[in-house]
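Work through the exercises below with the sequence and the model open. Each task is followed by its solution.

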Amino acid sequence: MTEDREDSQQAAAARPRRSRWARTALAALSGLIAGFCALAVAELVAAVVRPEAGPVTAVGSAVIDRTPPAVKEFAVQNFGTADKLVLQLGILVLLALFAVVVGVLALRHRWLGSAAVLVFGLVGAVAAAGRPEGAAADALPSVVGAVVAAGVLYLLAGRLAPVPPPSPAAGEKETEGYDAFDRRGFVVAATAAAAASAGAGVLGLRLTSSVQSGATASRHNLVLPVPESAAPAIPPGADLRVRGLSSFITPNKDFYRVDTALVVPRVNAGTWRLKIHGKGVARPLEVTFQDLLRREIIERDITLACVSNEVGGPYVGNARWIGVRLADLLREAGVRPPSKGGPADQIVARSVDGMTIGTPVETAMDGRDAMLAFGMNGEPLPFEHGFPVRMVVPGLYGYVSACKWIKDIELTTFAAYDAYWVTQSWAQQAPIKTESRIDTPRPFSSLKAGTVPVAGVAWAQHRGISRVEVRVNGGPWHPARLAAADNRDTWRQWVWEWPATSGNHALEVRATDGTGATQTGEHAGTVPNGATGWHSVTVDVS
Ligand SMILES: Nc1nc2c(c(=O)[nH]1)N[C@H]1C(S)=C(S)[C@@H](COP(=O)(O)O)O[C@H]1N2
Ligand SMILES: [Mo]
């Protein structure tokens with residue numbers, strides 16, 4: 001035996017093990033490519049069907065729908081508005097892990113790998129079509145994506161299959177453990193699949209953004225009308241301008257945002273329609289944005305508050321809204337409130353993203369300024385806050401009144417229909433509870449002894465605020481100085497000059513509303529109809 005021959009025999013013995021590892025790694029890569037392909041193709045189809053029907057968004061939304069309120073609260077408290085990003089990244093990581101497993105599975109069982117991809121597609125399809133208002137077509141992106149990806153995986157797994165060993169030449173013994181595969185074929189197929197998927201994905205994103213650019217242009221080109229019924233000027237003393245205190249008007253960029261939308265809907269005002277129909281609607285209406293602009297335009301300052309706001313929490317904001325009176329439209333449609341013999345006691349507002357929000361007809365028509373708003377603080381509604389049109393009802397928590405991206409209003413009864421949040425264990429009806437918050441000093445801050453302004457906001461929409469009191473370490477209540485009141489639908493600032501002495505102190509605040517009722521000190525969580533208790537801030541004075 002020559003030296004030469006010995007070398008090549010050793011090489012032949014080493015090759016199988018090395019190529020087995022290479023095959024497994026490439027199988028995992030095939031899985032990832034197939035997963036990428038599924039998502040990219042699905043996004044392309046979703047661009048045509050509905051951007052929200054893409055599998056990651058659909059599964060994410062389905063997860064949000066099924067998350068118990070306590071967990072949802074946890075996510076909101078810990079991740080804030082990043083909660084949705086965290087959720088989507090989580091889904092992507094899980095998908096990638098699954099893709100690797102399926103890729104390796106396909107190495108041994110080609111059909112099984114592809115079948116597993118189809119099963120996952122089914123999960124996306126059910127999630128998309130099963131959303132409230134989800135249509136059968138919403139299943140398409142996931143289904144098409146999964147079918148194409150299953151094909152790609154089948155193809156790639158085929159390239160990794162062992163090719164038969166070359167027949168041994170006469171006199172040589174059979175090559176043992178021969179484990180070669182079509183490397184070139186695999187590289188070509190994998191590159192082609194990845195490139196085509198990237199192309200499909202980019203095309204999908206382009207399509208979606210071109211549809212959205214119509215909406216962006218419609219918002220950009222909207223010139224807000226001059227309201228026939230303007231809001232009175234905000235009294236000069238409404239903003240105390242104490243450092244650390246929330247400004248009286250909350251700028252749009254700082255306004256809290258609470259919704260279930262993983263993708264902010266971008267609706268074109270030019271093609272927007274609102275239907276008003278249902279029980280006791282004598283004359284069903286369908287209005288365009290131009291129709292709204294032809295009505296009496298009103299402008300009002302209204303403070304919005306979220307039922308998920310903990311005592312002392314950030315989910316409350318005050319804005320100047322422009323729009324039309326909801327009651328005007330309802331009357332035009334022939335709707336009568338229950339007190340005037342109308343058969344419907346609930347308005348169900350539906351948004352383009354399938355949200356349903358139930359509001360009492362009686363409240364919407366009792367003379368308060370319930371609005372269909374399209375202007376917010378001097379600009380068209382930001383997309384995040386419901387462009388082109390949203391509801392705002394003074395005195396009711398957002399989840400029972402403030403439907404964003406509204407497209408449909410149905411008159412029905414509370415007995416006949418539970419809106420989205422009600423199915424998530426929140427109360428059917430929820431007037432805003434009297435609340436107050438200490439904005440400054442911040443919790444756990446270190447202060448110098450002397451006069452310290454303790455300041456914050458208090459709200460009891462549609463009842464107004466008549467008194468705010470502060471106490472230190474459970475001592476006597478001291479009346480705070482109230483800022484000038486704008487109107488009873490807005491929050492009110494307050495300040496108390498505290499003669500602070502050294503030590504650790506707990507500051508507490510409570511408000512009294514316009515009816516004379518004082519905010520309860522009894523602690524209640526946010527579910528089912530809003531938190532109660534006095535906001536308390538502990539500080540260290542030296
Ligand atoms: N379409 C839609 N509208 C919605 C919601 C939503 O999830 N989807 N959330 C509601 C809730 S719970 C609140 S508190 C307000 C918040 O409005 P904002 O995000 O403009 O502050 O919107 C309401 N309208
Ligand atoms: Mo809310």
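**Exercise 1.** At what angle do helix H2 and H4 pack, and how far apart are their axes?

The model is predicted: local features need pLDDT of at least 70, side-chain atom pairs count only at pLDDT 80 or more, and totals for chains, interfaces and linings use all residues. Residues are numbered from 1 along each chain as its sequence is written, chains are lettered from A and ligands numbered from 1 in the order written, and side-chain values use heavy atoms, without hydrogens and water.

Step 1. Take H2 as residues 55-66. Helices (H or I, at least four residues) and strands (E, at least two) are DSSP runs, numbered from the N terminus.

Step 2. H2 and H4 pack at about 115°, axes 10 Å apart. Axes are lines fitted to C-alpha atoms, for helices over the stretch in contact; angles run from 0 to 180 degrees between N-to-C directions.

Step 3. List the contact (heavy atoms within 4.5 Å). H2 residues including Val59 and Val63 meet H4 residues including Ile91 and Leu95.

**Exercise 2.** Which residues of H4 meet H5?

Step 1. The axes of H4 (83-108) and H5 (110-129) come within 6 Å and cross at roughly 155°.

Step 2. H4 and H5 are therefore roughly antiparallel. The cut-offs are under 35 degrees for roughly parallel, over 145 for roughly antiparallel, 65 to 115 for roughly perpendicular, and oblique for the rest.

Step 3. From H4 come Leu95, Phe98, Val102, Leu105, Ala106 and Arg108.

**Exercise 3.** Which residue of E10 is the bridge partner of Val348?

Step 1. E5 (346-351) and E10 (406-412) pair antiparallel over 6 bridges. Pairing takes at least two DSSP bridges.

Step 2. The partner is Glu410.
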